[in-house]
Amino acid sequence: GGATGQATLPPVPRGRPVPAIDTSAEMTALPHANAERERLTAVTGVVAELERLALPWGSLDLVVSNYA
C-alpha cells in the first residue's frame, strides 16, 4: 500500500515516476501529500486491488510491498 510514502518516496528524487498503489484512496493521498511537501511531483496515487491491477508489462522497474 501507499501508506506514508516511506517506501514510495525514496526513488522520486532520481526522477522516476512512482505510483503509490493501495486499495484505499485515503492511503494513496498520504504519500502524495508528503511528496508535495517535499516538492516531488512524480508520485501518483492509484486505487486498486493488487489482484486486479492493470499495468502494462514492463512498466515497473521495482515493486515494494510490506504485506505480499
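Hi everyone. Helices (H or I, at least four residues) and strands (E, at least two) are DSSP runs, numbered from the N terminus. Before we look around, a word on what we have: this is a predicted model, where local features need pLDDT of at least 70, side-chain atom pairs count only at pLDDT 80 or more, and totals for chains, interfaces and linings use all residues. Residues are numbered from 1 along each chain as its sequence is written, and side-chain values use heavy atoms, with hydrogens and water left out.

Let's start with the overall picture. Of its 68 residues, 24% are buried, where buried means under 20% relative accessible area, exposed over 50%, and partly exposed in between (1.4 Å probe, protein chains only). The accessible surface comes to about 5,200 Å², and 54% of that belongs to carbon and sulfur atoms; these areas come from the Shrake-Rupley method with a 1.4 Å probe, and for residues only the protein chains shown count as cover.

Now for contacts, meaning heavy atoms within 4.5 Å. Among those between residues at least 6 apart in sequence, 59% join residues at least 24 apart.

Arg-16 sits in the segment before strand 1 and is partly exposed, because its relative accessible area is 42%. Which residues does Arg-16 contact, leaving aside its neighbours within four places in sequence? They are Pro-11, Ala-42 and Asp-61. Ala-42 is 26 residues from Arg-16 along the chain, and their C-alpha atoms are separated by 6.8 Å.

Next, Asp-22, in strand 1 (residues 18-22).

Finally, the segment after strand 2. Val-63 is found there, strand 2 being 43-47, and Val-63 counts as exposed because its relative accessible area is 63%. Asn-66 is in the segment after strand 2 too, and is exposed because its relative accessibility is 64%. The C-alpha atoms of Asn-66 and Ala-7 are separated by 9.0 Å, although these residues are 59 apart along the chain.
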